[in-house]
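Subject: Handover of a structure

Hello,

I am passing this structure on to you. Please look through the sequence and the model first; my notes follow below.

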Amino acid sequence: MIDWAAFVVVAGASLLGSVVVVSLYSLGLRLLTSAGRALVVDPQSFTGAITILTPKRAAKEAKRARKTASANPLTVGQKRLALVGAYACFVLCVGAVLYGVYLIVPALHR
Amino acid sequence: MPVDFTLIVVLVIALALVFDFTNGFHDTANAMATPIATGAMRPKVAVGLAAVLNLVGAFLSTEVAKTVSGGIIREGDGGVQITPEIIFAGLIGAIVWNLITWLRGLPSSSSHALFGGLIGAAIIGIGFQSVDYNVVVAKVILPALIAPLTVGVVAFIATRLAYFITRRDAGRADGRGGFRYAQIFSSSLVALSHGTNDAQKTMGVITLTLIAGGVQSVGSGPQLWVIVVCALAIAIGTYTGGWRIIHTMGRGLTDVKPAQGFAAETSTAATILASSHLGFALSTTQVASGSVIGSGLGRRGATVRWGMAGQIALGWVLTLPASAIMGAFAAGFALLGPVGIVIDLLLGSLVVVLLFRRAQRSRISHDNLHDIDDAGRVVKIRKTPRKIARRDRKKVAL
């Protein structure tokens, strides 16, 4: 017997898991940027064989991040709120991953 | 005769562990190529982490091992008694086919080679009725067709979401570089999921051998020492395979953006973990390839190179029957008794030596790094000049 429901479960679980984890992390990044703390990746520590960042391009990115931070329309309080929200998203994201792993380990359910 | 019996069981276990080692050796790239390439982790740290997580993953769930040991081949009780000799022949077939595809640069799946070899050997050694085709279709063939497609769709949606949520006005920082940090975790999850699926296949084979040898009761799961040994073999293989990635990195990989890579890896890990839980024996390479293609399509201006996609799919389809033929040949010899086993071993080693000789002469080599890379090239990304760049150029001109 072919258990078609099992395929639906796998597809659904992977869709749900991926969407939740990716959304939470992306939202965290977005809030971090809103809070004026955009993550600009240092080309020294991320040499990037995949996305090749030239020093010029990296300087441009850093400038852009500063510009975004200075032109931020949010008040100090709102920024702080965004920062708290960002960290909350990251924590929830890690939590979602750990919960997902917990679900599939039979040893934890006895 | 008990001495002979133990000898063949030990031989099969050793061969299965060699297979497990090469599996880890091949698949380090699936998980760790991206974070090493983006510089998210130093190569040695990344490879070490992948090895440890494979080890941990192997202990988490043994559902896939039960599929292999208790499902595919009818091992007894109304079915037909499978012997260690037949499993031995299946392993030889799988290893030989793996090496051929690896050295000739054909896309393949070591998991499907293993199943193909076992099925071929069982059909020749025992007969058509020895294979439970329902289980083969339900737990191996259908997942192989469905999983790369669903993971592709999931990766597509996840990539779109990641870009949608982090979108900003042109010229503003979008913070997407931060996805590189996330990749450290998502690739670790891929390594963990690899342990829950691929290490299990060897556990299943060893358990099947022990059942066939009469050491273990029919229908029981893998014993603790089997889990430990298989986990170690795949972890050591993963660690040893690392140097090749570092070596290949110089040639560059397909253009994968951090946000895209993170979405692809998350989808891969989620799919493999969910499948392992339900005992589906997936090919981790096929899933990783599917998600790389899906996430590539999630980017702006992406089109598919169908010819290339077709080539990869053909290689996948070919694996099961081709390794089944190899396994069948090996089983034909194994039926001759101890002499046949020796012939199998000699022929197997001869093929290995010949293939390596040829590979050294023509300098062809292939591994999963290229499988994933090929998958990435299936998607063509149109390079659209960004508005900001044009505006900057005007400023310079003024």
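His26(B) is buried, since 26 other C-beta atoms lie within 10 Å; a residue counts as buried if 20 or more other C-beta atoms lie within 10 Å of its own, as exposed if 12 or fewer do, and as partly exposed in between, with C-beta atoms placed from the backbone. This is a predicted model, in which local features need pLDDT of at least 70 and side-chain atom pairs count only at pLDDT 80 or more, while totals for chains, interfaces and linings use all residues. Residues are numbered from 1 along each chain as its sequence is written, and chains are lettered from A and ligands numbered from 1 in the order in which they are written.

His26(B) belongs to helix α1 (residues 2-38) of chain B; helices (H or I, at least four residues) and strands (E, at least two) are DSSP runs, numbered from the N terminus. From His26(B) to Thr238(B) the distance is 7.5 Å, C-alpha to C-alpha, although 212 residues separate them in sequence. Thr238(B) is part of helix α8 of chain B. With 34 other C-beta atoms within 10 Å, Thr238(B) is buried. Not counting residues up to four places away in sequence, Thr238(B) touches Gly24(B), Thr28(B), Ala50(B), Ala51(B) and Asn54(B); a contact means C-beta atoms, placed from the backbone, within 7 Å. Leu55(B), 183 residues from Thr238(B) along the chain, has its C-alpha atom 9.6 Å from that of Thr238(B).

Chain B as a whole

Chain B has 14 helices and two strands. It has 398 residues, of which 59% count as buried. Among contacts in chain B with a separation of 6 or more, 89% join residues 24 or more positions apart.

The largest nonpolar core has 128 residues, and Ile87(B), Phe88(B), Leu91(B) and Cys230(B) touch the most other members. Such a core is a set of buried Ala, Val, Leu, Ile, Met, Phe, Trp, Tyr and Cys residues joined through C-beta atoms within 7 Å. Apart from neighbours within four places in sequence, Ile87(B) contacts Val12(B), Ile82(B), Leu118(B), Val205(B), Leu208(B), Thr209(B) and Ala212(B).

Gly221(B) sits in the loop between α7 and α8 (224-248) of chain B. It is partly exposed, because it has 16 C-beta neighbours inside 10 Å. Leaving aside neighbours within four places in sequence, the contacts of Gly221(B) are Thr62(B), Ala65(B) and Lys66(B). Between the C-alpha atoms of Gly221(B) and Ala29(B), 192 residues apart along the chain, there are 30 Å.

Chain A

Chain A has three helices and zero strands. Of its 110 residues, 32% count as buried. Residues 24 or more positions apart make up 76% of the chain A contacts with a separation of 6 or more.

Helix α1(A) has 31 residues and reaches 44 Å from its first C-alpha to its last, close to the 45 Å expected at 1.5 Å a residue; the expected span is 1.5 Å times one less than the number of residues. After α1(A) comes Gly36(A), with a positive phi near 80°. Helix α3 (residues 76-104) of chain A has 29 residues and should span 42 Å, which agrees with the 43 Å between its end C-alpha atoms. Its buried residues include Cys89(A), Cys93(A) and Val97(A). The buried residues of α3(A) pack against α1 (4-34) of chain A and against α2 (43-60), α7 (179-212) and α9 (258-277) of chain B.

Helix packing

Two packed helices are described by the angle between their axes and the distance between the axes. Axes are lines fitted to C-alpha atoms, for helices over the stretch in contact, and angles run from 0 to 180 degrees between N-to-C directions.

α1(A) packs on helix α6 (residues 133-165) of chain B at about 20°, with the axes 9 Å apart. The two are therefore roughly parallel; angles under 35 degrees count as roughly parallel, over 145 as roughly antiparallel, 65 to 115 as roughly perpendicular and the rest as oblique. Residues that meet here include Phe7(A), Leu15(A) and Arg30(A) from α1(A), and Ile146(B), Val154(B) and Ile165(B) from α6(B).

α6(B) also packs with α9(B): their axes come within 8 Å and cross at roughly 140°. This pair is therefore oblique. Among the residues making the contact are Pro143(B) and Tyr163(B) of α6(B), and Ala259(B) and Ser275(B) of α9(B).

Regards

Conventions: Two residues are in contact if their C-beta atoms, placed from the backbone, lie within 7 Å.
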